[in-house]
Amino acid sequence: MLITVLIITILISIIFILKGVYSPNYKGEISDHFNGTEFYSPYNKSEVKGIKILLKWILHREKGVWNKVSNLESVLKRNYINSLGDLDIVFINHSTFIIRIDGITIITDPVFDKCVGLFGIYGPKRMQPTGLKINELMKVDLVLISHNHYDHLDIISLKKIFRKYSPKILTPLGVGNYLKMNNINNYYDLDWWDETEVNSEISIVCVPANHFSGRGLTDRNKTLWCGYIIKSKYGFVYFVGDTGYDEKLFKEIGKKFGDISLSLIPIGAFKPEWFMSPVHVSPEQAIKIHFDVKSIKSIAMHWGTFQLADDGMYEPKTLLDSLTDEMGIENFIALKNGESIKIR
């Protein structure tokens, strides 16, 4: 009986993956990054690798060292609980931050589950705890989703947050349909350069990124991906999302928004670079983004939580620290899970 149930589960999983039903395809007007059926990045000079190259990488991987951390030292959680003003940033894990601006609580790509994959079971496992548990969230007013990959759109976590707080959710084009399938409303799909108000003091701009999308095998690039600029009286906060590097793209963002108060920039899942560079940045390229957008302060993300590529667990942070020390950069840092800072 158990074997029969297991076989049925596997078959259903395969059907779901092949049909790509986890992310309904977007339908809309053709643009400079949507050809009517698929999205693409006009900034990306490097070709995003296909299935054959993916298999080549899988068969010849040279994985870095990862060791699971069971207990995480409590780091400044009281700052999140007691913080009342200014611009406060709490790093939860991976690409999940809490951003508090004058009483408004924003969370980026909320991922709290133990696995980022199909059904929350099949996929990369969590290698260290979140800096804050999902039931420790005090409130959530706004959720920013950068794209529909499992390590950024954790539907299990998002459902819990929505049931408890009913926040406004911003998504790139097409991703809202997936939320609707999961009985989540109050979402707003945005195209690149669209801007929406949170209140009279805060607004959000959806900005381009070099990446791709998909939750199955047949829905690749059927929905958009993006980063976000949060505009407030404290200046601009730039949540980069997932991206490959392109000088033109980031200098355009830097020119459009001027000096950015704070940037949240990915540094991990960059090895091997011959495979990952179209969609992920290395620590060296992350520093280029820091300068391209004229960031006053930057915080690293997308490292040390899920083994998504061949770089080791702490390799991105070690390399970033080495490069910033060598270059005399004091305003690009990596926080521990749960650590927070205040920007005045």
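Where is the place of aspartate 191? I found aspartate 191 in the loop between strand 6 (187-190) and strand 7 (195-197). I take helices (H or I, at least four residues) and strands (E, at least two) as DSSP runs, numbered from the N terminus.

Ground rules. This is a predicted model, where local features need pLDDT of at least 70, side-chain atom pairs count only at pLDDT 80 or more, and totals for chains, interfaces and linings use all residues. Residues are numbered from 1 along each chain as its sequence is written, and side-chain values use heavy atoms, with hydrogens and water left out.

**Aspartate 191**

I listed what aspartate 191 touches (heavy atoms within 4.5 Å). Leaving out residues up to four places away in sequence, the contacts are His33, Leu173, Cys206 and Leu224. With histidine 33 there is a side-chain polar contact of 2.6 Å. A polar contact is a pair of N or O atoms within 3.5 Å; within protein, one must be able to donate a hydrogen and the other to accept it, and residues adjacent in sequence count only if both atoms are side-chain atoms. I also checked proline 208: it is 17 residues from aspartate 191 in sequence, and the C-alpha to C-alpha distance is 8.8 Å.

**Sheet with strand 6**

I traced an open sheet of seven strands, order 6-5-4-3-2-1-14, with mixed pairing. Strand 6 and strand 14 (340-343) are at the edges with a single partner strand each, so one side of each has no neighbour in the sheet. The twist averages 20° from one strand to the next. The axes behind such angles are lines fitted to C-alpha atoms, for helices over the stretch in contact, and angles run from 0 to 180 degrees between N-to-C directions. Two strands pair if DSSP finds at least two bridges between them. Strand 4 and strand 5 run parallel, joined by three bridges. Valine 143 has isoleucine 169 of strand 5 as its bridge partner.

**Helix 4**

Which residues of helix 4 (residues 155-165) are buried? I noted Ile155, Ser157, Leu158, Ile161, Phe162 and Tyr165. Buried means under 20% relative accessible area, exposed over 50%, partly exposed in between (1.4 Å probe, protein chains only). Down the axis of helix 4, the buried residues fall within an arc of 155°, so they line one face. That arc is taken from the directions from the helix axis to the C-beta atoms. Arg163 and Lys164 are exposed on the other side. The cover over the buried residues includes strand 3 (104-108), strand 4 (142-144), strand 5 (168-172) and helix 5 (175-181). Serine 166 follows helix 4 and has a positive phi, near 50°.

**Sheet with strand 7**

Another open sheet has seven strands in the order 7-8-9-10-11-12-13, with mixed pairing. Its edge strands are strand 7 and strand 13 (332-333), each pairing on one side only. Helix 8 (residues 283-292) packs on this sheet and touches strand 11, strand 12 (295-301) and strand 13. The direction of helix 8 makes about 160° with that of strand 11. Seven of the 10 residues of helix 8 are buried, including Ile287 and Ile289. Lysine 294 follows helix 8, with positive phi near 55°.

**Cores**

I looked up the nonpolar cores: sets of buried Ala, Val, Leu, Ile, Met, Phe, Trp, Tyr and Cys residues joined through side-chain atoms within 4.5 Å. The largest has 62 residues, and Ile99, Tyr228 and Phe332 are among those with the most contacts inside it. Apart from it lies another core of 21 residues, including Val90, Ile107, Val143 and Leu179.
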